[in-house]
Structure formats: C-alpha cells, structure tokens
Number of protein chains: 2
Amino acid sequence: MSKITILSEINNKKPFIEDLPKINHKEFDKVIKSRRSVRVFTNDIIPKDIIKKSLDNSLKAPTSSNLQTWEIYWIKSKNIKKKVVEACLSQPAAKTAKELFVFVSRPDHWKRNNQMMLDYLNEKKNPSVSVLKYYNKITKLAYNQGFMNIFGFLKKLYVSFVGLYRVIPREPTSFNDMKVWSQKTTALACQNFMLSMRAYGFDTCPMEGFDSFRLKRILKLPNKAQICMVIGAGKRDPNGVYGKQFRFDNKLFIKEV
Amino acid sequence: MSKITILSEINNKKPFIEDLPKINHKEFDKVIKSRRSVRVFTNDIIPKDIIKKSLDNSLKAPTSSNLQTWEIYWIKSKNIKKKVVEACLSQPAAKTAKELFVFVSRPDHWKRNNQMMLDYLNEKKNPSVSVLKYYNKITKLAYNQGFMNIFGFLKKLYVSFVGLYRVIPREPTSFNDMKVWSQKTTALACQNFMLSMRAYGFDTCPMEGFDSFRLKRILKLPNKAQICMVIGAGKRDPNGVYGKQFRFDNKLFIKEV
C-alpha cells in the first residue's frame with residue numbers, strides 16, 4: 001500500500017486558524033454527570049429547534065476519513081413510530097419516548113461519499129494534492145473489499161506478509177471490519193446527540209435491544225445498512241431513571257503504562 | 001429466549017430522583033463546535049487533573065447492559081510511547097501528541113464483568129428481582145456464543161425461525177457481532193473523552209490508521225481485544241487543524257420519516 005501522505009504531512013503552507021472560545025467546563029461536566037439512560041418520559045414535547053440543533057451537533061462528531069457513513073432516521077409518522085416501538089420490544093424507553101431516532105451505519109455508502117468528497121475537492125481552486133491523493137487512492141485501497149470480499153482477502157494476505165517486516169494498517173479487510181468501522185463513527189455521533197439533548201434540558205435512552213431485521217424493513221434499508229442504536233428522547237419522568245449510576249472502579253479500566 | 005423483564009418493567013415502587021442541574025447550553029455548543037481533529041500539538045503539558053477528569057468523564061458514557069467492556073491505556077512510558085507512535089505510522093497527531101490514549105474494546109470481558117455485576121447486586125440489601133434475572137439469564141443468553149461459536153450459530157437459527165412469527169432481538173450471534181457491540185460502547189466513551197478535553201481547553205485527534213497487531217503486542221493485549229481508537233491529546237498548535245470543518249449537507253443524512 002502506498003504511503004499515507006495525508007497522515008504524515010504537516011500542512012504548514014498557510015495555517016488555518018480557528019478562534020478557540022473560552023469554555024466554562026463546569027457546564028460541560030454537568031451535562032456529562034446528569035446524562036442518564038432515561039427509560040420513562042413524560043408527555044412534554046421537545047421543541048423542534050432543540051431537536052434540529054442536537055441533530056446538527058450529532059453530525060459534528062469526528063468521522064473516519066470524513067466519509068460520514070451515517071444516517072439518522074427521525075421517526076415522525078405515527079404509523080412508523082408504532083412499528084419501531086414494537087421492533088424495540090415495546091420497552092418503555094421506546095414506548096414513552098416523545099421522539100424516536102434511529103442511528104444507522106452505512107458502510108455501504110463509503111464509495112458514494114468518497115466520490116462526493118472528490119467532487120467537493122475538485123470544485124476548489126487549489127485542492128491539496130495530498131488530500132486528493134488520499135481520496136483518489138488511499139481510501140479506495142483501504143475500504144474496497146471487492147466482489148465476494150476477494151480484494152479484502154488478498155489485502156489480508158498482503159498485510160499479514162508485509163506486516164512481518166514493517167508497520168502497516170491491518171483493517172478493514174472484510175465487510176465485518178467495515179461494519180465495525182462505520183458503527184464506531186456512528187456511535188460518536190450518537191454520543192454527541194445524547195449529550196446535546198441533555199445540555200438542552202431533555203433526556204435520552206440508547207437502545208440496542210431491537211429486532212434489526214424488522215427495523216431495516218420498516219425503514220426500507222438494505223441488508224448492508226447496520227442499525228447502530230435506537231435513541232428515545234423526551235422530558236425525564238420522575239420514574240425515568242432506575243437507580244444511581246453504577247460503574248466499576250475506574251482502576252479496572254484505566255491502565256497507566 | 002425469555003421475556004426481557006428489565007426492559008419491559010417500569011420501576012415505580014420507590015422512584016429514584018436525581019436533581020437535574022440548570023445547564024447553559026451555549027457552553028456545550030462551544031465544546032461541540034470547537035472540537036476538531038487536531039493533528040499537530042504544541043509542547044505544553046496537560047495538567048494531570050484535567051486528564052483524570054476527562055478519563056472519568058469518558059467512563060460516564062452509556063454502556064450496553066452496563067457491562068463496561070472497555071479499557072483505556074494511558075501511555076506514560078517513553079519507550080512504549082515511541083512504539084505506539086510507530087504503530088500509528090508515525091503520523092504527526094501521534095508524534096506530536098503530548099499524551100496518547102489507546103481506547104480498547106474488550107468483548108472478551110463480558111463474562112467477567114457480568115459476574116462482577118452479579119456480585120455487586122448480591123451485596124445489596126434488596127436487589128431488584130428483574131435486574132438479577134437480567135444478569136443471571138438474559139445477558140448470558142445474549143452474549144454467550146459458546147465454543148467455536150456453536151451456541152451463537154444455534155441462536156442464529158433459532159432467532160431466524162422465531163423471528164418469522166414475532167419480534168426478537170437478532171444480534172449478537174457471533175464474535176463479530178460481539179466486536180461491533182463492544183466497539184460501539186467504547187466509541188461512546190471516546191467521544192466523551194474528546195469533548196471533555198476540549199471543554200478543558202485541550203484538543204485531541206482520534207486515529208484509526210494504525211497497525212492493530214503491533215499495538216496489541218505492545219500493550220500485551222490478547223487477540224480478542226479490539227483497538228477502538230488511539231487518541232492523541234495536547235494543546236492545539238496553530239498548524240494543528242488542516243482546514244474548515246466540512247460536512248455534506250445534513251439533508252443527506254437526516255431522514256424524517
């Protein structure tokens with residue numbers, strides 16, 4: 001595989017400077033601390049501008065190679081909502097949710113989005129040569145798995161062999177790897193969404209207990225699309241949180257090496 | 001599979017009420033807006049209490065079935081850091097990072113953590129019967145895939161058959177599904193971490209371009225552990241952001257149905 005120039009080149013021709021705002025981190029900590037999985041919502045509505053802002057915030061999450069292989073289904077139709085609730089096993093977090101959002105990973109969209117990135121770059125006056133090369137060559141090598149995964153399999157062989165001698169990125173070399181890749185990116189967006197709703201005084205519950213087959217059918221999604229999470233949202237009911245947040249001792253997870 | 005009582009039962013015996021703080025959402029929006037993938041860092045140190053707070057914030061993300069199948073390696077040893085940078089293809093975001101964190105998914109830890117949940121519940125005076133049942137039966141059915149994935153395969157057959165007639169959760173029925181499951185949870189923690197660093201005036205870059213085989217060897221991780229992301233952190237260098245954030249039109253991703 002060729003050298004990943006976009007990763008190894010410091011762009012110091014004309015620095016792009018963004019003003020960094022002063023932030024009161026206490027407000028942020030409050031968001032983190034008060035975010036809980038809320039399983040019962042009241043009947044209060046969520047103002048539309050708050051939903052839209054949170055969806056916007058959601059898509060500001062980092063996304064691998066900026067390929068944005070995500071989708072968010074905002075369930076508005078009563079009829080579809082009823083079906084989505086059923087596909088979520090009619091759990092209270094879905095049933096009582098004032099709004100339901102289905103976050104979907106679209107590993108199958110990488111090629112479309114890659115082409116859109118190229119179109120965008122080619123419209124620019126002076127597109128960066130290394131960025132163009134990245135979307136013309138590197139991403140195509142990295143994310144293409146070929147018919148019946150044949151190219152992925154060959155990449156795996158190549159990578160295993162070359163990897164004996166030098167550092168080389170290993171994944172993705174299969175559609176399963178592509179799922180992981182796109183699901184990670186979508187999960188980052190989910191977390192932005194949940195925190196944003198909290199910052200605006202509303203709550204959420206991420207759900208993974210659902211019938212993915214039925215959900216895909218309801219949303220007319222192809223087989224390769226992957227449901228990441230269904231997120232219920234609304235105003236927290238006093239019964240909405242089942243208990244104090246419990247986490248094992250951090251020492252179990254944070255390893256200083 | 002038995003009925004998922006924890007998901008279908010509203011706990012209204014003794015409501016658990018948490019005070020909800022008033023939050024200035026403008027501060028939160030600033031965090032979201034100013035978070036960028038920063039690829040060059042200055043030599044400024046990040047105060048230890050900010051790192052610790054951000055790691056704490058990280059592990060307050062929601063986690064599927066509260067099984068916390070995540071780990072964060074905070075790379076402190078110079079020698080290990082050098083190796084991790086190499087495994088990240090020596091990209092500037094790793095090379096110039098003042099601190100490096102490797103976020104790891106541990107789908108292989110679900111059983112250990114499930115037992116720890118049971119131990120925790122059994123120590124309580126009046127553990128909830130439905131929660132106990134959840135960790136005694138439901139999670140074991142859901143996450144166990146058996147030797148050589150035989151149980152997972154049987155589950156898949158069962159689920160495909162029963163799913164013809166009624167709603168049923170489909171995944172996970174393989175180790176690949178377990179990877180996706182644990183990686184999603186870990187990605188939620190990654191996003192909390194990156195936002196937290198930003199809220200405290202520092203920046204990050206999530207990296208997926210790495211040699212996962214070498215990284216696992218460096219961190220002495222078993223094969224089943226999965227590297228989620230390597231996150232470089234530090235003070236933003238004026239050259240650190242390569243350009244304005246670019247996202248395709250939201251309409252492409254947000255579907256109102």
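Two residues are in contact if their C-beta atoms, placed from the backbone, lie within 7 Å. By that rule, the contact here takes 98 residues from chain A and 98 residues from chain B. On the side of chain A that touches chain B, helix 9 (residues 175-199) of chain A gives the most, with 13 residues; helices (H or I, at least four residues) and strands (E, at least two) are DSSP runs, numbered from the N terminus. By class, this side of chain A has 51 nonpolar, 25 polar and 22 charged residues. Here Ala, Val, Leu, Ile, Met, Phe, Trp, Tyr, Cys and Pro count as nonpolar, Asp, Glu, Lys and Arg as charged, and the others, Gly among them, as polar.

A word on what you are looking at: this is a predicted model, in which local features need pLDDT of at least 70 and side-chain atom pairs count only at pLDDT 80 or more, while totals for chains, interfaces and linings use all residues. Residues are numbered from 1 along each chain as its sequence is written, and chains are lettered from A and ligands numbered from 1 in the order in which they are written.

How do the two copies relate? Chain A superposes on chain B by a rotation of 180° with 0.0 Å of shift along its axis (RMSD 0.0 Å), which is the relation of a two-fold axis. The same surface serves both copies, as 100% of the contact residues of chain A recur in chain B.

Five strands form an open sheet of mixed pairing, in the order 3(A)-4(A)-2(A)-1(A)-5(B). Its edge strands are strand 3 (203-207) of chain A and strand 5 (254-256) of chain B, each pairing on one side only. Two strands pair if DSSP finds at least two bridges between them. Some pairings are listed here.

| Strands | Sense | Bridges |
|---|---|---|
| strand 1 and strand 2 of chain B | antiparallel | 6 bridges |
| strand 2 and strand 4 of chain B | antiparallel | 7 bridges |
| strand 5 of chain A and strand 1 of chain B | parallel | 3 bridges |

Within chain B, B:E71 is partnered by B:V104, and B:S105 stands opposite B:Q226.

Strand 2 (residues 99-105) of chain B is mostly covered, with 7 of its 7 residues buried (20 or more other C-beta atoms within 10 Å of a residue's own, C-beta atoms being placed from the backbone). B:E99, B:F101, B:F103 and B:S105 point one way, and B:L100, B:V102 and B:V104 the other way.

Note on methods. Buried ≥ 20, exposed ≤ 12 C-beta atoms within 10 Å, placed from the backbone. Least-squares fit on C-alpha atoms with pLDDT ≥ 70 in both.
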